[in-house]
Amino acid sequence: MLYFDHAATTPPLPEVIDSVARTMAQYFGNPSSLHRLGKEAETLLRRAREVVASTLKAHPDEIIFTSGGTEGNNLAIKGAAWQYRSRGRHIITTQIEHPSVYECCRQLEREGYEVTYLPADASGRIDPEAVRAAIRKDTILVSVMHVNNETGAIQPVEEIGRMLRNEPRIIFHVDAVQSVGKLELEPARAGIDLMTASAHKIHGPRGVGFLYCREPIRLTPLLSGGGQEGGVRSGTEALPLITGMTKAFRLAAESLSENRAAMYRLRARLVQGIGDIPGLRLTGAREAERMAPHIVHFTMPGVKSEIFVHALEEYDIYVSTRSACSSGSDEPSRVLLAMGMPPEEAASGIRISLSPQHTEEDIDVLLDRLRTVAERMRALQKQGGKK
Amino acid sequence: MNADLILLRFGELSLKGRNRYKFEQAMLDHIQSLLAPHPRAEIRRTSGRVLIELNGEPYEEVKEKLGRVFGLSSFSPVMRARLDLDSIRQTALEAVRAMDPPPRTFKVQVRRPNKSFPYDSPRLNHLVASYILPRCPELRVDVHNPDAVLQVEVRDEEAYVFSQVVRGLGGFPLGTSGKAMLMLSGGIDSPVAGWMAMRRGVLLEAVHFHSFPYTSERAKQKVIDLCGKLAEYAGEIRLHLVHFTDIQTRLRQEANENLLITLMRRAMMRITERLAHRHRALGIVTGENLGQVASQTLPSLHAIGSVTTLPIIRPLITMDKEEIIRVAEQIETYEISILPYEDCCTLFVPKHPSTNPNMQVILQLEERMSWLEDYLKEAVEKTETMIITSSPETNRTSSADPMEELL
């Protein structure tokens, strides 16, 4: 089996599974309980928070543990929009965000907020100048993702962060779910106020993530309850998942540069191979440094993505069409349309996502199968054309 | 500010006659240890001045460290100039431009220990001021009450230019007044008392009484964290944790309720005295504050203090609560102190503690407690000692260690 869908989710590392299991067995106390078991759980929670914070050079109090990327994005966007609504009701985001950002903005529009959705260029990148031009007096929030989950295009969040330093009233949120642990991004240095991360994208457990929330920003909580996580995220802390996540982020941070280099090497090999296959069109920028190390995206105009995915599945190779959260629908990809692709092409996107554990042989097998499938599809297209 | 050197001033120390050298050395040792993260910085003594040569180490960070040194009365960031007029003038101009906020008036003050320098002090004074004035159009000279005094010191090899004077903590260098035990409860007052005693040159070891299992691990962590804050000034603090539960519960069974606090405090004081002897300390520091609570009236202080012959140092005795809180905030213990965990003093609080305990009754009661001596001995024997440093990583209680593998 060859699994090339690491942008959707990753298999947890054995060390992570071990941490989760041992925390469940040994630290089952509720961190809020007054007795010794509670105290131990609280200490472990505090240590975990310190370790997670240290991977971002942040302060432990700036880390809010959540149930994952969707909650992190919801808490960041709605929490900030509600908290600071007296400042204004205008939000800037992009047309290429993950549904958990996009749908939040849609909800806020229904509540009377105004949202500007910026398009991307043909390479899938947002222009920082367009962000600047969209700023109004009543803008309270800018939300731009770091790495696009579909195309892998890296967004210029550091440039945007630098620019927004001159706009202290505007809060800057970055959905970094696809990049944390893979690319370096220190929120405080990059001028980022809120940053979402999820554990299961970097070999951690599912159902857990965190939101970086720069001091002294406050968020209106989504959940009412016992006031855990500084009152922002009530609910008994999922300590086993949190320790597992901490393990995963720490390991990822420790080998970030090696892993990044390894994946860029694999990516270069894959990109070159795909470029040689007739009918396939690579998406995104040609310059590797503008693209995330773990994602390669291409289209085959005229062939529905789903057909291509199932064709590869016959060879026990698993790839994806787009954000796993939207791939059920038959519509052309919203992200690809925002880049100016015609609908027929935007319905044919294929995403291959790598892990540092893949080998060059894995890539060669994949390329071989891609060539075979593409040939078959072209033959079908020609037959269709004759009819 | 682009400082090359830092000039240190000692204040009170200069009064100390023959001990001066010893005191100075104690302080320089302390500074040296705080400068460990800045290996390029060097301490130099030259003709009556003590300087830190920064050699490229960041001034702002070293400044923060110096803010934790007892005995330092003030210090100044210094820019260095070559022994020629141009260099001195340019450096002086740069120093004036770096002042924040920009002064409206200034004067130049020249010292010239190097008599071979071709311009004498009044001449150089004029030459520097007349160079600066046309280049800073907003600036005027005021020799009587200037916003800033720009000092130029012409020495044998180079000239120093400085103006800013940063106040130090004052007091005496750490440890020059000997060692004392600090009774540390976890409240707001006792860490402040400890810090003020430390500023007077006292080396501290902390004593904390806990009533495990009635008081929690959190209360212990709180005291550890407080010691961590004090350790930022002292390098490290030894913390003695006394198991007080047995004495406390037995006293509660046998003593009149309104005298319980007095008897408890007397027992604590006796244990602290024995720990002091054991660790060669010659005093006991407490956070007692006249009239604050029942055990801090004059009769209570007398009843409690009379069990020991050691000097009891009570730095807060006449301070207002607000002043105490201000210091607690300054040394960053306030936020820790207000965490709401039970400690052994808030446990079993009687409804009406006596503000005027009768000494005779107390002595009679204690006479009948034949068990007390054994209990005191046992408490001293079972005391657990930890070494607390300013880095929180090393101050985990032992139960935290297996956790590291999980993260």
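A:Glu229 lies in the loop that runs between strand 8 and helix 8 of chain A. Its phi is positive, about 55°, although the residue is not a glycine. A:Glu229 counts as buried because 22 other C-beta atoms lie within 10 Å. The structure is a predicted model, so the angles given here are computed from predicted coordinates.

**Confidence.** The model scores ipTM 0.75 and pTM 0.60. For chain B the mean pLDDT is 88, with 93% of the residues of that chain at 70 or more. Where pLDDT is low, predicted coordinates should not be read in detail.

**Backbone features of chain A.** Most residues other than glycine have a negative phi, and most peptide bonds are trans. A:His203 is another non-glycine residue with a positive phi, about 70°. A:His203 is classed as buried because it has 26 C-beta neighbours inside 10 Å. A cis peptide bond, with omega near 0°, leads from A:Glu215 to A:Pro216. A:Pro216 is placed in the loop between strand 8 (209-213) and helix 8 of chain A, and A:Glu229 is also found between those two elements.

| Residue | Phi | C-beta atoms within 10 Å |
|---|---|---|
| A:His203 | about 70° | 26 |
| A:Glu229 | about 55° | 22 |

**Nonpolar cores.** The largest nonpolar core holds 109 residues, and the members that touch the most others are A:Leu141, A:Val142, A:Leu194 and A:Tyr212. Helix 8 (residues 239-254) of chain A gives the largest share of this core, seven residues. Both domain 1 (2-8 + 256-377) and domain 2 (14-254) of chain A contribute at least three residues each to this core. Another core, of 100 residues, lies apart from it and includes B:Phe70, B:Leu72, B:Leu139 and B:Ala255.

Leaving aside residues up to four places away in sequence, A:Tyr212 touches A:Leu56, A:Ala58, A:Glu62, A:Ile63, A:Pro187, A:Leu194 and A:Met195. One of these partners, A:Leu194, is also among the core members that touch the most others.

**Contact between the chains.** Chain A places 16 residues in the contact, and chain B places eight residues there. On the side of chain A that touches chain B, helix 1 (14-26), helix 2 (36-55) and helix 8 of chain A each supply at least two residues. The largest share of that side, eight residues, comes from helix 2 of chain A. By residue class, the side of chain A that touches chain B comprises four nonpolar, five polar and seven charged residues.

**Sheet in chain B.** Chain B contains an open sheet of six strands with mixed pairing, in the order 14-13-10-11-12-15. Strand 14 (312-313) and strand 15 (384-389) of chain B each have a single partner strand, so they stand at the edges and one side of each is left without a neighbour in the sheet. Within chain B, strand 11 (residues 203-210) and strand 12 (residues 236-243) run parallel and are joined by six bridges. B:His208 has B:Leu241, in strand 12 of chain B, as its bridge partner.

**An exposed helix residue.** B:Glu335 belongs to helix 11 (residues 334-337) of chain B. With 11 other C-beta atoms within 10 Å, B:Glu335 is exposed. B:Glu335 and B:Leu226 are 109 residues apart along the chain, and their C-alpha atoms are separated by 9.8 Å.

Technical notes
Residues numbered from 1 in each chain as written. Chains lettered and ligands numbered in written order. Predicted model: local features only at pLDDT ≥ 70, side-chain atom pairs only at ≥ 80, totals over all residues. pLDDT = per-residue confidence, 0-100. Core = buried A, V, L, I, M, F, W, Y, C linked by C-beta atoms within 7 Å. Buried ≥ 20, exposed ≤ 12 C-beta atoms within 10 Å, placed from the backbone. Helix = DSSP H or I, 4+ residues; strand = E, 2+ residues; numbered from the N terminus. Domains from an automatic or database assignment. Contact = placed C-beta atoms within 7 Å. Nonpolar A, V, L, I, M, F, W, Y, C, P; charged D, E, K, R; others polar. Pairing = 2+ DSSP bridges.
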